[in-house]
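Hi everyone, thanks for coming. Please have a look at the sequence and the structure on the screen, and then I'll walk you through a few parts of it.

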Amino acid sequence: EMDTSKRFLASPLGLLEELFGDDPWRLLLSTILLNRTRRNQVDGVLSQLLDRWPTPHALIEMARGQEKDADDMMLDELINLIAPLGIK
């Protein structure tokens, strides 16, 4: 079993992997976005995504509580948030 109690040492580089090392949701989102584009593009979009859906549970609960038209609106919102990254 992996010991998740250890804190990651911060470097002067401010890598997202270090900043989010203890938060799997933030680490997952940042990793996905960084695999598609550059850090300077990701920072603003990631901030907006995390403000809107700070946890995977928040995203799931919002999706569960939506009707079909609202699901489409949430998907449109997500698409619009990541559009500046060129992700389709």
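Let's begin with a word we'll need: a residue is called buried when its relative accessible area is under 20%, exposed when that area is over 50%, and partly exposed in between, using a 1.4 Å probe and protein chains only. Before we use it, please keep in mind that this is a predicted model, where local features need pLDDT of at least 70, side-chain atom pairs count only at pLDDT 80 or more, and totals for chains, interfaces and linings use all residues. Residues are numbered from 1 along each chain as its sequence is written, and side-chain values use heavy atoms, with hydrogens and water left out.

Now, the overall picture. The chain has five helices and zero strands, so counted because helices are DSSP runs of H or I with at least four residues and strands are runs of E with at least two, numbered from the N terminus. Of its 88 residues, 23% are buried. The chain exposes about 6700 Å², and carbon and sulfur atoms supply 57% of that; the areas come from the Shrake-Rupley method with a 1.4 Å probe, and for residues only the protein chains shown count as cover.

Next, let's look at one pair of helices. Helix α2 covers residues 24–34 and helix α3 covers residues 39–52; their axes come within 10 Å and cross at roughly 140°. Axes here are lines fitted to C-alpha atoms, for helices over the stretch in contact, with angles running from 0 to 180 degrees between N-to-C directions. That angle makes α2 oblique to α3, because under 35 degrees counts as roughly parallel, over 145 as roughly antiparallel, 65 to 115 as roughly perpendicular, and the rest as oblique.

Which residues of α2 and α3 make the contact? From α2 they are W25, R26, L29, S30, L33 and L34, and from α3 they are R39, V42, V45, L46, L49 and L50. Contact means heavy atoms within 4.5 Å.

What about the loops? T37 sits in the loop between α2 and α3. Is T37 buried or exposed? T37 counts as buried, because its relative accessibility is 16%. Apart from neighbours within four places in sequence, T37 touches V42 and L85.

Finally, D23 lies in the loop between α1 (16–19) and α2. D23 is partly exposed, since its relative accessible area is 24%. Although D23 and T55 are 32 residues apart in sequence, their C-alpha atoms are 9.5 Å apart in space.
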